[in-house]
Amino acid sequence: MDYQAEATASLLNESYTFQSVSGKNTSFAQSIQGTPFFFRSGHLASCSALFVHAGGQICYSVPVHFRQAPLPYALVLFITEGGGNVIFEGESIAVTTNDILVLPPNTCCRFDTTHTPFSYYAFYLSGSVVCDYLSLLCKEEPYFKKNYAKENIIRGLLPNICRQLESQEEEASLHLSTMFHIIFSTLLDTCRNDTKASRLPEHVAHMKQIYDYDYAASHSLDSLENELRISKYRLCRDFSTHIGMPPVQYLNQVRLREARHLLCTTDLTIREVGISVGIENTTHFINLFKKNTGITPLQFRQNYKL
């Protein structure tokens, strides 16, 4: 490890106080032994707009309690298994599988596992862009928390982030910055969609939810008319009015967004990607993708796969 990585490791080791169910004290260094957790080297950390100092996946097989002293980093947690409570500014925040929790810099908190094994990804970030994102995400609360059980984009990026953290290639920092821009942008989009959805008519909100989470299935206006007991003409008109585009166009946008994610993070063939997002005709999928992005799915994969 270079000086930057050693300084981060030392700071984290000094800032955490662990205690396991056996009553034994454990250091941060001991808690990550044998886990895919990495410390970033790099002389650009102090001037970078978004720098990932450390991160990886940590798992506790037995109940654990720990305290975190204030750190100069924002902390991004993604829970993959188990549950726990974070005590932050006097509030108890329950976290469970598929929750994302973002805590701002200089946070002092306590954490207790409630269900083990408990596994999570933790990333420590700094930079002006991180602060900009936090100012938008933490408008309602001094932290951000959301469950992403159905958000494949973020879950798919986590292993890639760990691989870039481990890499010593110069471009790794750029890849890490790009991936966290995607994550933070996705979080902001979710916030906006939640706010917008709370003002939508019930039938429009229901249609949007179907398209967002069941995009691979076929959803004709006739079937929605039967399900919602509202004429398909009114469904189409109201959806276009409140969402800003016709139902088919919105559904295609959702499908293409998921297709871009699959092209970046999997080795599925172009045909398999199209089928996975609900577009079985490969020629139609390629034409639709090129119309939306300006390039073919294969060109997109070659340019952007990490």
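I'll take the helix contacts, then the cysteines, then a few backbone and loop residues.

Quick housekeeping first: this is a predicted model, so keep in mind that local features need pLDDT of at least 70 and side-chain atom pairs count only at pLDDT 80 or more, while totals for chains, interfaces and linings use all residues. Residues are numbered from 1 along each chain as its sequence is written, and side-chain values use heavy atoms, with hydrogens and water left out.

Okay, helices. The labels come from DSSP runs numbered from the N terminus, with helices being H or I of at least four residues and strands being E of at least two. Look at H6, residues 202-213, and H7, residues 221-228: their axes come within 12 Å and cross at roughly 130°. The axes here are lines fitted to C-alpha atoms, for helices over the stretch in contact, and angles run from 0 to 180 degrees between N-to-C directions. H6 and H7 are therefore oblique to each other. On the cut-offs, under 35 degrees is roughly parallel, over 145 roughly antiparallel, 65 to 115 roughly perpendicular, and the rest oblique.

Who makes that contact, meaning heavy atoms within 4.5 Å? From H6 we have His203, His206, Met207, Ile210 and Tyr211, and from H7 there are Leu221, Leu224, Glu227 and Leu228. By class, the H6 and H7 contact has six nonpolar, two polar and one charged residues. For the classes, Ala, Val, Leu, Ile, Met, Phe, Trp, Tyr, Cys and Pro are nonpolar, Asp, Glu, Lys and Arg are charged, and the others, Gly among them, are polar.

H6 also packs against H8, residues 232-243, where the axes come within 9 Å and cross at roughly 80°. That makes H6 roughly perpendicular to H8. On the H6 side you'll find His203, Val204, Met207, Lys208 and Tyr211, and H8 brings Arg234, Leu235, Asp238, Phe239, His242 and Ile243. The class count for H6 with H8 is six nonpolar, two polar and three charged residues.

Next, cysteines. How many disulfides does a search of the whole structure find? Zero, taking a disulfide as a pair of cysteine sulfur atoms within 2.5 Å. Cys108 is in none, and its nearest cysteine sulfur, on Cys109, sits 6.8 Å away. Cys131 is in none either, with the sulfur of Cys138 the nearest at 11 Å. Buried means under 20% relative accessible area, exposed means over 50%, and partly exposed is in between, with a 1.4 Å probe and protein chains only.

The peptide bond from Thr116 to Pro117 is cis, with omega near 5°, and Pro117 lies in strand E9, residues 109-126.

Asn106 is in the loop between strand E8 (99-103) and E9, and it's exposed at 57%. Arg229 is in the loop between H7 and H8, and at 77% it's exposed too.

Last stop is Ser41, in the loop between strand E3 (37-39) and strand E4 (51-60). Ser41 is buried, with a relative accessible area of 19%. Leaving aside residues up to four places away in sequence, Ser41 touches Asp2, Ala5, Phe51 and Gln168.

Technical notes. Contact means heavy atoms within 4.5 Å.
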